[in-house]
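Biologist: Could you take me through how the domains in this chain sit against each other? I have the coordinates open here.
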Amino acid sequence: MSGSPAAFVLRRTGRGLLTLAAVSVVTFLMFFAVPRDPAAAMCPKNCDAARLEQIRAQWGLSDPVAVQYAHYVRGVVAGRDLGRAQGGYCPAPCLGYSYVNGEPVIDALARALPVTMSIVLPAAVLWLALGIGLGVAAAARHGSPVDRMIGGFSLAGLALPLYLLGSMFLLLFVYQLGVLPYPHYTALTESPLAWASGLVLPWCTLALLFSAGYIRLTRAQVREAMSADFVRTALAKGLAHRRVVRRHALRPALVPLVTAAGLDVGAALGGTVITEVTFGLYGLGQVTLDAVREDDLPMLMGAVLVAALVVVAANIVVDGLYARIDPRVRAR
Amino acid sequence: MLRSPGLLTLARLRRDRPAMVSGVAALLLVGLAVAAPAVGAVYGVGPEETFAGDLDPYGMPYGVSGGVSASHWFGLEPGLGRDIFVQVIFGMRTSLAIAGTAALVATAVGAVVGGVAGYLGGWADAAIGWLTDVLLALPLLICAIALIRPLELHLYGPRDPVPGWFRAVTVAGLFGGLGWMPIARLVRGQVIALREQEFVTAARASGAGARWIVSRELLPHLGAPVLTGLSLLLPAFVAGGAALSFLGLGVLEPTADLGRMIYRSLGYLQTDPAYVVFPSAALFLLVFAFSTFNEGLRDALDPRALR
Amino acid sequence: MRHRSPLALLLILACLGACTSHERGTELPSGGPQAPVTGLISTDPAESRGPAVPVPGATPGGTVTVIRQTELTRLDPQRIYSFLGLNASQLYARRLTTFADSGAGRVTLVGDLAETPGTDLDGDCRHWEFRIKEHLRFETGAPITAADIAYGIARSFDLSLTGGPTYLQEWLAGTPHYESVFDFAADRSALPPGLTVPDPRTLRLRFARPHCDLPFAAALPFTAPVPAALDTGLDYNRRPVSSGPYKITKVVADKEIRLERNPYWEPATDAVRHQYPDAFVLAFGPDPATQTNRIIAGHGADATAVSWDGVDPSLIARVVNDPALTDRLLRAPTPSHNTLTINTRRVTDLAVRRALNYAVDRDGLVKALGGATVARPVTTLMPPTTSGWRDYDAYPAGPTGDPAAARRVLGGATPELVLAYPDDAEGQIVATYLRGSLERAGFRIRPKAVPATTFLGATKEADNPWDLYPGTWAADWPSGAAILPALYDGRGIKPEGSNNGTSYLDARPLDAEFDRIMTMRPERQPPEWARLDERIMRDYAPVVPLFVEMECTLHGSRVGGLFVDSIFGSPAFVNAYVRK
């Protein structure tokens with residue numbers, strides 16, 4: 001058994017690369033499964049068959065799908081020349097040239113990714129803190145009014161759609177009271193204050209809603225662990241209640257919590273379309289949405305691959321954390 | 001003690017008043033949704049009937065609270081002028097059918113796949129893990145576009161309208177097929193944790209077969225994560241359906257849809273709040289009742305937590 | 001009960017809803033002028049000279065922000081075709097001619113770079129000359145000559161620089177396949193056939209066929225000058241060289257474009273533009289409802305901002321009933337004309353087409369779209385802003401349609417028709433409403449959703465399988481010549497499909513009429529087009545005219561001089577200034 005951390009990371013990375021390859025193939029195939037013609041969108045007002053053919057040839061759209069895919073992969077790995085119409089040579093990792101925006105895909109993604117990360121990561125810290133904190137509090141005071149209140153809060157959080165709460169917050173805090181600026185993205189490096197004040201509304205909205213699931217999960221897991229024999233033994237031995245909760249009951253709860261958090265953060269980083277649309281922020285989610293709407297294959301492929309990369313990375317982190325929490329996982 | 005576990009659960013559930021109240025409420029809402037055409041007939045308004053005459057030149061309903069009256073209990077939609085009560089009832093039917101089917105499919109698939117992965121381990125676990133990774137990394141949006149349009153082109157002629165239920169079924173299948181991974185993850189984690197616990201090890205040591213271990217030692221402990229997951233998926237799928245509708249990929253007009261209705265109503269928060277309140281409240285009550293009932297049910301299924 | 005907090009929340013929401021009351025009143029929205037544009041081509045060269053008449057009360061300084069949901073991706077003047085592109089490029093791209101617009105319907109086509117709106121040398125609309133003004137400079141300080149304008153026109157032949165209008169290319173080449181006649185990429189110093197520069201201040205164009213509308217076409221930004229030495233091909237799109245009062249100083253994709261004063265612009269050469277604000281910022285992202293809310297709130301830069309996408313229909317009731325906002329509201333009809341187009345190849349029975357015209361409930365449809373500030377019913381083929389437009393109703397059925405009259409015309413028949421529509425939000429609403437109103441008149445309508453991205457292309461295929469579909473057309477200049485021949489001349493239909501009109505009307509008796517009017521002097525054409533408009537509707541009914549879109553947008557309290565231009569029906573920036 002190769003239990004060393006290095007081997008573990010290596011194995012997981014290999015699997016991640018395989019996943020990315022599969023995702024890219026499937027996306028490519030799905031794009032062409034739909035009868036659509038990106039060339040038609042680029043054709044001027046008086047378009048006709050001959051003109052269309054010319055544009056297809058110029059953008060490499062008349063090649064078979066497999067050849068186009070091979071070109072694409074070569075670009076990602078080694079870079080490739082895209083021709084005059086697409087900005088000339090494109091160094092590795094070349095994600096192609098947007099049909100619509102007239103710029104290399106990687107430029108657009110490099111702008112969008114920090115926006116999404118700035119929305120999701122601080123929000124995730126907030127929602128985890130809120131979720132685990134309230135969940136433990138509820139479990140520790142099982143059956144008390146506090147437990148009931150937290151339970152009600154979490155159920156309400158599950159039942160409220162994000163766009164509804166977000167719109168109400170916008171109306172209240174931005175348009176009516178004017179205490180917060182309209183959500184906008186400023187680079188953290190440019191001005192930390194503007195960064196935070198521009199994003200505090202989406203953070204709070206996401207945290208309030210996403211914490212609901214974590215409250216319930218934490219509460220259920222902690223309560224279950226509290227009833228397990230070893231915890232009961234610890235309590236019987238006279239150890240302090242709080243210490244028992246922290247030491248013994250929370251630890252088994254971490255496995256499902258880490259799983260859920262990893263999946264949520266990974267998925268959210270891949271694109272929080274609804275959050276971005278609700279608050280008018282232009283991140284990966286909106287890039288993907290626009291690419292789909294505009295039939296922009298290179299942009300779509302780029303966005304999907306970056307999103308997949310983030311999800312895969314999150315999975316590796318989750319698995320790594322598993323191994324730390326529960327050494328038996330690594331031994332397998 | 002000769003009472004079966006099922007009866008015991010029921011008895012415990014009946015003592016939990018919030019669970020019972022919310023259970024009745026959920027049943028009532030589901031009943032209303034299922035009987036939507038009958039309710040509409042009794043109420044006297046069809047789902048596609050418009051009342052443009054009761055709208056002002058800007059398309060806003062006359063009267064109190066967005067046109068609430070004896071004949072229009074929840075008022076009228078701004079713009080099209082349809083009856084909101086009827087739209088809500090029919091919309092609930094669509095949203096529930098999609099989200100419910102999808103959640104059941106996803107939970108069933110997730111529980112089976114996650115359980116198999118966790119119990120068997122080894123290469124089966126690795127293969128399923130990889131498949132899960134791939135599916136998780138595929139954006140739902142792209143799958144929706146790649147699935148819905150070619151399917152419709154294939155099954156319906158260029159002049160044949162695609163019936164509303166077809167979209168609903170496709171969307172439900174899509175959510176189910178792409179939404180089972182979180183459940184699988186949860187169940188797998190639980191099974192792995194359980195597999196190593198003393199009572200399972202003990203059962204195995206005492207020579208119990210795999211079937212006995214799965215049915216007697218593992219399955220009873222999976223109820224909680226599965227139900228938690230189910231109650232998490234239901235609202236997620238309702239919201240997802242709304243988002244797809246927004247992009248023209250979900251259920252289309254004139255089939256009523258709660259999610260799409262809420263999405264459209266949001267712009268009217270200031271000008272016609274009643275239009276936002278009624279469908280949002282319906283969705284909120286629906287999910288809230290389901291979640292509360294689920295929680296009670298879970299407590300009843302898992303009495304150790306109450307000991 | 002257990003969970004109190006969510007119930008309290010619901011209660012608050014319910015109260016919010018109950019607190020509004022809206023009495024049935026007599027209010028009738030006024031919709032700005034509904035009249036054709038007047039004036040048109042200037043005959044007095046003095047009107048083409050600068051400087052422009054000062055805007056009363058305007059002072060220099062400040063920044064005007066234009067907020068729009070989708071990014072403006074085309075800045076290259078030869079590639080611009082969006083309404084925002086056309087209006088924003090006025091700030092940095094001067095053209096051969098341009099419209100001097102009073103903002104109240106009086107429009108004069110004047111020379112911009114040229115001294116006059118063009119000279120028809122032989123009186124047959126085939127050979128045109130433009131004399132270029134003196135003292136014109138690029139933002140680099142280099143003088144603008146006729147050769148720079150000719151180079152701009154030549155580069156519009158390059159197929160990798162697509163997106164812009166193609167009138168000049170097709171007219172010069174004498175064929176829609178203009179790239180087969182002139183290959184720009186092969187020799188970037190050559191000029192297309194028919195385009196000559198006899199001296200640095202003269203530009204001549206010679207066409208094989210008469211094109212009396214050339215002065216109008218020359219107002220599109222593809223006649224903007226481009227310095228050949230600074231042409232970076234595709235990348236020119238990000239940083240075009242300015243010839244107007246502002247130059248592009250910053251482009252952040254997906255987010256904003258910033259324009260600042262161009263010191264080399266000479267006011268004395270320009271009859272329409274001003275240079276009041278220090279800068280213009282085009283900001284992208286927020287949806288229309290957000291734009292409206294932000295401008296009402298007016299925090300910071302939003303006080304000097306204008307919403308490009310207009311007041312969202314959901315907020316119109318809030319905006320028009322707030323007296324404080326009245327003088328910040330810009331309202332005017334646009335040239336975007338919407339029809340229920342009938343595929344005349346499939347629906348060959350004239351009685352059915354006439355019955356459709358009787359059946360449609362335009363009033364209800366307009367309400368469904370957001371009411372009088374969003375759309376206005378129309379029964380003509382040309383939008384009311386068209387020069388020479390005359391109102392008539394060939395199938396009078398009142399504002400909400402006349403199902404009984406439609407049934408009479410149908411004579412007991414109940415035709416089954418497939419109504420195709422784009423599956424976006426607005427398409428669904430239009431189709432839902434049209435279906436309801438047509439079925440009341442006995443039609444059996446089968447609605448067919450088509451992906452919004454492919455809808456337009458699909459209806460332009462001549463053998464498309466649908467009977468009815470919504471159609472829209474916005475002319476590039478307010479003349480019937482840019483509307484009726486483009487949409488209803490059957491000779492323009494190609495084997496594979498149509499460029500423009502999707503009714504596929506192919507009526508021989510109209511051919512001679514189109515030819516007769518097209519070769520008339522532009523100033524004599526308008527009444528002829530108006531007559532032909534009515535004749536096509538009465539004799540063929542190829543569409544059901546539905547509505548023209550209305551512009552209704554809001555600007556901040558500290559910005560002045562904005563108006564809705566009469567050509568494209570969008571906010572114009574040439575007079576904008578910031579109030580102190």
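Biologist: What distance separates the centres of domain 1 of chain C and domain 2 of chain C?
Modeller: Bearing in mind that this is a predicted model, the centres of domain 1 of chain C and domain 2 of chain C, taken over C-alpha atoms, are separated by 33 Å. The division of chain C puts residues 71–278 in domain 1 and residues 333–550 in domain 2.

Biologist: And how many residues are in contact there?
Modeller: On the side of domain 1 of chain C there are 13 residues in contact with 14 residues of domain 2 of chain C. About 1,000 Å² is buried between domain 1 of chain C and domain 2 of chain C, and 64% of that lies on carbon and sulfur atoms.

Biologist: Which residues of domain 1 of chain C lose the most area?
Modeller: Those are C:Cys212, C:Asp213 and C:Phe216, which together account for 43% of what the domain 1 side buries against domain 2 of chain C.

Biologist: Which elements give two or more residues to the domain 1 side?
Modeller: In chain C, these are helix H4 (167–173) and helix H5 (214–217). By class, the side of domain 1 of chain C that touches domain 2 of chain C has 11 nonpolar residues and two charged residues, with no polar ones.

Methods
Residues numbered from 1 in each chain as written. Chains lettered and ligands numbered in written order. Predicted model: local features only at pLDDT ≥ 70, side-chain atom pairs only at ≥ 80, totals over all residues. Heavy atoms only, no water. Domains from an automatic or database assignment. Contact = heavy atoms within 4.5 Å. Buried area = accessible area lost by both parts, 1.4 Å probe. Helix = DSSP H or I, 4+ residues; strand = E, 2+ residues; numbered from the N terminus. Nonpolar A, V, L, I, M, F, W, Y, C, P; charged D, E, K, R; others polar.
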